[in-house]
Amino acid sequence: MVEGYRAAEAVNLFTWVDVDERLSIEAAAGHWPDWLVEADAWWDGLELTVRAGAGEADVRRWLDKVFGTGSALGDPGELVLALDRPAGMETTGLPVTLVADTEYVRSRRDPRLMERRITADLADFMQRPAQDSFASDVQMLAFHSFKGGAGRTVHAVALADELARRGRRVLLVDGDLEAPGITWMYQAQGGACDVAYEDVLALLHGTPRGGQQEAIAIAAPYLANQEVARHRGGGTLVVLPASRRVRLGPPRIEPAHLITKDRPAHFLTESLAELAAAAGLDTVLVDLRAGASELSAPVLLDPRIQRVFVTTLSSQSLEGTEHLICQLGNKAPCVEGRDPSPAAVVTQYRLDAHTAEAEQAKARLTASLECFTARYQGQSQGLESGEADAADTGGVDAFVRAEPLLSPFREELLALPRSWDDVIDVVRRCGVGELVGKLVPEVPVSLVAGALPPEGEGSLEERRGALYERARSLVFAERSGLDSGLGFLSTEPLRRLVGDHRTNLPVTVVVGAKGAGKTFTYARLCAAGRWTAFAEHAQESVQADAPVVPVLDPGNMDQYGSGASPEGPQTLRDRSAGGQGARPDDIRSLLQDALNSEYREDQRFWSATWLRCMAVAADGPHALDADAENVLMRRNLSNPVLFVFDGLEDFFQDLESDAQAKRIALRALFTDVPDWFRMMRSRRLGLVIFARKDLVRYSLRQNVGQFLDRYDPYELRWDAHEALRLALWVATTADAVLQPEGELALMAPDAVSQALIPVWGAKLGRDNSREAWTERWIPAALADFNEQVQARDVVRFLRDAAELSMNDEDWKDRLLSPSALRSALVRGSTEKLKELQQENPSLGNLLRSVGSRADEVMMPFEAEAVGLDANDIVTLEEAGALARDNDGRYRLPEIYRHALGFRTKGRARVVRG
């Protein structure tokens, strides 16, 4: 391909830049005379270093040959290289200076697209790295596209996810410093962003004499907080975003800035590998900047990296990719049997219209990929004799070259959703991960679906009874006592809460609706006693640690607040105070005095009040007269703690009374207090506030969406998959069925569904019936139209279904009979509506009003038929309590319909795919 650049006719030379480019092409093509050592073009002249014996006449002939006849001008001793100007303008040129070569020193070629020195060495390969592999045998892959919009980032993310699911421990680096894509997905997810690629570059840039260990020691621990997935078999996925900042613009430190003479040529890639190894990861995948950019060159020019080129069928994209592949292959080819093979992916073509074009592109790219080895055939520059012999004999078996992959058009991939999890869901549904997984065939897929668990010991009735008792104890788990042995289910929000705070204690607000498990989680935190112990229950490991100190307890925990539990709230406060700690009434008295104060509508007053409550909770009643900020600062230095709040809805029950003061009090707790913690240098204190979502909306009437987005990753909510996982956890911890192999929290959704068949069967009937599949019916029946399920609804459903299945002799192949499942839904619906009226009276009353027409109309219904106006419709739709059919009529979720008494037309059942 280099020959293709060397046109026979002369080309326009406007400036020294054109001269420099032409000379570089000549050198890389091997068209360098023996007498010429080096050429340096500058804005004011061209300097040629020549060997003894070469004269001006040789130089003139060569310049005319390279740049076209008539290029060498000037009188003898005043040689000038002509530059092109329009007719009528004075001819100008670059003065040419000849410098005698004294002792040529071969310089190192750095991993840049633009060469710094133009010498005959450009016809050779770049020097190979000193080592054939990276530190700790870390594998590195890089995705690149010549044109943006080719789907590079989507396929990079899909492969990272696929490798993690296979058991790899992956570091996904957003190397696109100018137009980051992965960074936006990750930040939209709300995950921790403690260290970024920009930070790593800056840390490496500041290291003296090329040493990178200090930079790695600083950056590696923070990667633990940026884990986005963990799978069976130890597979993990950690994201290194491009930047922590929201400012747009070029990076302060670019990868090329790390290329200095006191550092190895491949300092950046070797540092990334060592960073991954230090963080316990084995694979690095880099999503690079599109185009022929020096931002990507240090990665693309390391032959130890598996380079993946993504292109569409667009002429610009395909031809540019071909040129770039060959240019890179001429600089840093793969050595057979030692380096990973390059690969290409053709994207965004239609199977029904572009099959022939796709196959042609595949053939063209196959030929281009041979540039990585074609120049190696028969050459031995920089290679040992044995390697040269292997190349001469065409040892293709030792070098497994990946065939270009074809990734057809998918509409879902055109407009990706905003957050990381949603993007992952799309690429999995489209099968992109399985496709690009072929790029790394040496790693077998290890997605092992859990085997069908055999029936547990004991009779069918005994196991049904055990399931009933277990579910009954969990319906109101917070009332069961902290030492009741209820266990702990590691859910995605809790894993994120812990995973984002491995090296530092959390400062966060955990939001959830009534019944989502706030108080249960608070109780588990107290029962654990320390952040590390809670992390272990969540099946995670952390480095930061501190004892848990409850500040405000929920009202229904008073019965064991005296320390009946080994790790009850009062026990924890006593231990923190080194004696008699603050009692729940002490804290409530502080808050009640504040509500009665003349400053009760001052937000700063409430911020100070909450800090005072925490100081008293940590140090005991004697801290009442101390300066709260000083108490907390001392704690931060010498005896850090993790403060937890729950029961806000109990203390602020009557929100209509003194509403303004209560709104300000809650706003100060939700916003000002966390900000105070975050402003603390070298912070070792933590804060977790459990709050019902309606209280958050009540107190933050402005920017509530922004607030909820900030803490969205930790919101206690349950989708269909988590609901099924919870049901299996209840059943297995009840010993009603045996525990499947592997960790429940990491089981694939299909494995969870299969493991639940002994609980409720495959279908709501015999396996050969046309009834609905239970794995789809149950979440749909319990969910609202926002596809959210409440944990309490799930365990209540299991409790009632187990009770109703007692003595049922017709269904011995499962614990819960189909008729019991349907009846349990009706029972739970009634309790659900009662709880909703307690949590959100206005929404509950609105649904009651709709239900008052149930005897007159059937579902689906017209809005007017049940007295709904436009505002009512919006309110119910936002709450997931109403949905519109295609014909303009409305439906209620099953979890509400039964309590309200609506009948449906025909025998239709709500079963969402």
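Contact here means heavy atoms within 4.5 Å. The model is a predicted one, where local features need pLDDT of at least 70, side-chain atom pairs count only at pLDDT 80 or more, and totals for chains, interfaces and linings use all residues. Residue numbers start from 1 along each chain as its sequence is written, and side-chain values rest on heavy atoms, with hydrogens and water left out.

Start with the whole protein. There are 36 helices and 20 strands, taken as DSSP runs numbered from the N terminus (helices are H or I with at least four residues, strands are E with at least two). Of the 913 residues, 56% count as buried; buried means under 20% relative accessible area, exposed means over 50%, and partly exposed is what falls in between, using a 1.4 Å probe and protein chains only. Among contacts between residues at least 6 apart in sequence, 74% join residues at least 24 apart.

Trp62 makes a handy first stop. This residue sits in helix α3, residues 56-67, and is buried, with 9% relative accessible area. Setting aside neighbours within four places in sequence, Trp62 touches Leu23, His31, Trp32, Pro33, Trp35 and Leu36. Ala72 is ten residues from Trp62 along the chain, and their C-alpha atoms are 8.9 Å apart.

Next comes a helix pair. Helices α6 (residues 197-205) and α7 (residues 213-223) pack at about 155 degrees, and 8 Å separates their axes. An axis is a line fitted to C-alpha atoms, for helices over the stretch in contact, and angles run from 0 to 180 degrees between N-to-C directions. On the α6 side, Val200, Leu203 and Leu204 meet Ala215, Ile218 and Ala219 of α7. By class, this contact has six nonpolar residues, no polar ones and no charged ones. Nonpolar covers Ala, Val, Leu, Ile, Met, Phe, Trp, Tyr, Cys and Pro; charged covers Asp, Glu, Lys and Arg; the others, Gly among them, are polar.

Now for the strands. Strands of a sheet pair through backbone hydrogen bonds, either parallel or antiparallel. Two strands count as paired if DSSP finds at least two bridges between them. An open sheet of eight strands runs in the order β9-β10-β8-β11-β7-β12-β13-β14, with mixed pairing. From one strand to the next, the twist averages 20 degrees. Within this order, β8 (residues 169-175) and β11 (residues 283-288) run parallel and are joined by six bridges; Gly175 has Leu288 in β11 as its bridge partner.

Strand β15 (residues 507-512) is mostly covered, with six of its six residues buried. Val507, Val509 and Val511 point one way from β15, while Thr508, Val510 and Gly512 point the other way. With strand β18 (residues 686-692), β15 pairs in the parallel sense over six bridges, and Gly512 has Arg692 in β18 as its bridge partner.

Finally, a loop residue. Asp339 is found in the loop between α10 (315-331) and β13 (343-347), and counts as buried at 6% relative accessibility. Asp302 is 37 residues from Asp339 in sequence, and their C-alpha atoms are 9.7 Å apart in space.
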